[in-house]
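Thanks for making the time.

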Amino acid sequence: MEGTAHVYGDNVDTDVIIPARYLTSTEPEELAKHCLEDLDADFVKRVRAGDVIVGGRNFGSGSSREHAPLAIKGAGISCIVAESFARIFYRNAINVGLPIVECQSVTDGTGSGDRFRVDLDAGRVENLTRGTSHPATPMPEFMRGILDAGGLMPWVKRQMDTDGEVRVAVAANEPAQADWRLD
């Protein structure tokens, strides 16, 4: 994935990602019209399909609303790269098919408008503008499968269409952080 970065700091919560007054819809395209408007009023005017959000620590904190990653995905964001994510936001993003990557110190020296390349398979995040490269926390294989299917519901449908049985487990070789996100 490659796109222009929209950079935000620490503790970007779901209330500023999509304000509660717009929770009457669950349509990504409708939610996208108001994405981040209380934090960055011009976001929806600047964002282009394929762009990347870069955040600090605890991105997606606050309420557990699925609307937040839906709004971001509906706005055309291809991936969120942050130093860390709130646990429920992390899982909600995977469930709706929005790629997210944890990458320590990714905001150091990063500015809005920088070009980013994210390689989920290699676990690498590059700031092409600054010429920097950062290792990212590898995503567990089963979560990559959910993303590749377009989200949890398409993944379940694919599993059922394949053999009628849905199997979910964390492989023995998965990174330690994988198990605490299985709620």
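Start at Ser78, which touches Met1, Gly50, Asp51, Val52 and Pro99 once residues up to four places away in sequence are left out. This is a predicted model, so please hear every value as computed from it. Ser78 sits in the loop between α4 and β3. Is it buried or exposed? Ser78 counts as buried, because its relative accessibility is 17% and the cut-off for buried is under 20%. Its side chain reaches the backbone oxygen of Gly50 at 2.9 Å, and Gly50 is also one of the residues in its contact list.

Now the overall layout. The protein has seven helices and seven strands. Along the sequence the order is β-α-α-α-β-α-β-α-β-β-β-β-α-α. There are 183 residues, and 47% of them count as buried. The accessible surface is about 8700 Å², with 49% of that belonging to carbon and sulfur atoms. If you take the contacts with a separation of 6 or more, 64% are between residues 24 or more positions apart.

Next, the inside. In soluble globular proteins, nonpolar side chains tend to be buried together. Here the largest nonpolar core has 49 residues. Which of them touch the most other members? Those are Phe59, Ile72, Ile80 and Phe89. The elements giving two or more residues to this core are α2, β2, α4, β3, α5, β4, β5 and α6.

Let me stay with Phe59. Phe59 is buried, because its relative accessibility is 0%. Leaving out residues up to four places away in sequence, Phe59 touches Val12, Ile17, Ile53, Ile72, Ile80, Ala82, Ser84, Phe85, Ala86 and Phe89. Two of those names, Phe85 and Phe89, come back when we look at the rings.

How many aromatic pairs does the structure hold? Four. In one of them, Phe59 and Phe85 are edge-to-face, with 6.1 Å centre to centre and 75° between the planes. Phe59 lies in the loop between β2 and α4, and Phe85 in the loop between β3 and α5, so this pair ties together parts that are 26 residues apart in sequence. Phe85 is buried too, at a relative accessible area of 6%.

Phe59 also pairs with Phe89. Their ring centres are 5.5 Å apart and the planes are at 70°, so this pair is edge-to-face. Phe89 is in helix α5, while Phe59 is in the loop between β2 and α4, so the parts tied together are 30 residues apart in sequence. Phe89 has a relative accessible area of 2% and is buried. Phe59, Phe85, Phe89 and Tyr90 form one aromatic cluster.

Last stop, helix α6, which covers residues 141-149. Which of its residues are buried? They are Phe142, Met143, Arg144, Ile146, Leu147 and Ala149. On the general point, an α-helix has 3.6 residues a turn, so residues three or four places apart point the same way. Keep that in mind when you look down the helix on screen. After α6 comes Gly150, with a positive phi near 100°.

To go back over the main stops: Ser78 reaches Gly50 through its side chain, Phe59 is among the residues that touch the most other core members, and α6 is followed by Gly150. I will stop there and take questions.

Note on methods:
Residues are numbered from 1 along each chain as its sequence is written. This is a predicted model: local features need pLDDT of at least 70, side-chain atom pairs count only at pLDDT 80 or more; totals for chains, interfaces and linings use all residues. Side-chain values use heavy atoms; hydrogens and water are left out. Rings of Phe, Tyr and Trp (its six-membered ring) pair if their centres lie within 6.5 Å; planes under 30 degrees apart count as stacked, over 60 as edge-to-face and the rest as tilted. Helices (H or I, at least four residues) and strands (E, at least two) are DSSP runs, numbered from the N terminus. Buried means under 20% relative accessible area, exposed over 50%, partly exposed in between (1.4 Å probe, protein chains only). Contact means heavy atoms within 4.5 Å. Accessible areas come from the Shrake-Rupley method with a 1.4 Å probe; for residues, only the protein chains shown count as cover. A nonpolar core is a set of buried Ala, Val, Leu, Ile, Met, Phe, Trp, Tyr and Cys residues joined through side-chain atoms within 4.5 Å. A polar contact is a pair of N or O atoms within 3.5 Å; within protein, one must be able to donate a hydrogen and the other to accept it, and residues adjacent in sequence count only if both atoms are side-chain atoms.
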